[in-house]
Amino acid sequence: MNQLAQLVEITAPDPISWWPLAPGWYLVLLVLLIIVLFVSWRQRKAWLSNQYRRNAIFETQKLTYLEANQLNQLLRLAVLRGSLEGGNKEPQLNVTGKQWFELLNSLGPKDLFTQEQVAQLEYLNYHSRQESAMADIFVAQSVAADSSIAIKSKLSSKLNNLSETEFERLKNLSIKWLKEHKFEHLS
């Protein structure tokens, strides 16, 4: 007898299909779906809470040298809207001078603005370019009357003589601050 003739071909079992999945895979897919939904919800929430920031950057980029007096107002609005987004019912917007300087530097990158630049921002907040030209004339006339006014006039003329390059520098610093500042609710 021939042993090779007696061999019978072994039939392979049917291939295992991918579907229907085992119950463990349904659990894994459910967990992945929950993670994706949670991450998308957090990103959308962050995107919506930063709407004030995008609007302020857009408005700041549109400012021209003649509209320089609006620069500090835009920074104050960004602080207001950002603090309101965080649930702070009483934002500190009534601060000026050194407190405003410290507030800007505490919320944004450290030592971004100098005190002189913050003084320029505050000066621009209350004076338009036309008022600045008229103030120069008034200060020049009253310098002869009082020497204490002469000291104030030096500071006033230094603030009045904001060149376009200084304005662009303030504008770029403001945009950098708007992009990088942090509030408690966003960190």
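This note goes through the helix packing of a predicted model, point by point.

1. **Overall make-up.** The protein has nine helices and zero strands. Along the sequence the pattern reads α-α-α-α-α-α-α-α-α. Of its 187 residues, 32% count as buried. Among contacts with a separation of 6 or more, 71% join residues 24 or more positions apart.

2. **Helix α4.** This helix has 15 residues. From first C-alpha to last it reaches 21 Å, close to the 21 Å expected at 1.5 Å a residue. Its buried residues are Leu 71, Asn 72, Leu 74, Leu 75, Arg 76, Ala 78, Val 79, Gly 82 and Ser 83. Cover for these buried residues includes α3, α5, α6 and α9. An α-helix has 3.6 residues a turn, so residues three or four places apart point the same way.

3. **α4 against α9.** The two axes come within 11 Å and cross at roughly 5 degrees. Angles under 35 degrees count as roughly parallel, so α4 is roughly parallel to α9.

4. **α4 against α6.** Here the axes come within 7 Å and cross at roughly 105 degrees. The range from 65 to 115 degrees counts as roughly perpendicular, and α4 and α6 are therefore roughly perpendicular to each other. From α4 the contact takes Leu 71, Asn 72, Gln 73, Leu 75 and Arg 76. From α6 it takes Leu 121, Glu 122 and Asn 125. Three of the contact residues are nonpolar, three polar and two charged.

5. **Helix α6.** Residues 115-126 form this helix of 12 residues. It reaches 17 Å from its first C-alpha to its last, close to the 16 Å expected at 1.5 Å a residue. Buried in α6 are Gln 117, Val 118, Gln 120, Leu 121, Glu 122, Tyr 123, Leu 124 and Asn 125. The α6 residues in the contact with α4 are Leu 121, Glu 122 and Asn 125, and these three are among the buried ones.

6. **The core.** In soluble globular proteins, nonpolar side chains tend to be buried together. In this model, the largest nonpolar core has 30 residues. Those with the most contacts inside it are Leu 75, Trp 100, Phe 113, Phe 167, Trp 177 and Leu 178. The elements giving two or more residues to this core are α3, α4, α5, α6 and α9. The most comes from α9, with six residues.

7. **Leu 75.** What does Leu 75 touch, not counting residues up to four places away in sequence? Its partners are Trp 100, Phe 113, Leu 121, Ser 174, Trp 177 and Leu 178.

8. **Asn 55.** This residue is found in helix α3. Buried, exposed or partly exposed? Asn 55 is partly exposed, with a relative accessible area of 36%. Its C-alpha is separated by 9.0 Å from that of Ala 78, 23 residues apart along the chain. Ala 78 itself is buried in α4.

9. **A cis peptide bond.** Most peptide bonds are trans. The bond from Trp 19 to Pro 20 is cis, with omega near 0 degrees. Pro 20 lies in the loop between α1 and α2.

Note on methods:
Residues numbered from 1 in each chain as written. Predicted model: local features only at pLDDT ≥ 70, side-chain atom pairs only at ≥ 80, totals over all residues. Heavy atoms only, no water. Helix = DSSP H or I, 4+ residues; strand = E, 2+ residues; numbered from the N terminus. Expected span 1.5 Å × (residues − 1). Buried < 20%, exposed > 50% of the residue type's maximum accessible area, 1.4 Å probe, protein only. Axes fitted to C-alpha atoms, helices over the stretch in contact; angles between N-to-C directions. Parallel < 35°, antiparallel > 145°, perpendicular 65-115°, else oblique. Contact = heavy atoms within 4.5 Å. Nonpolar A, V, L, I, M, F, W, Y, C, P; charged D, E, K, R; others polar. Core = buried A, V, L, I, M, F, W, Y, C linked by side-chain atoms within 4.5 Å.
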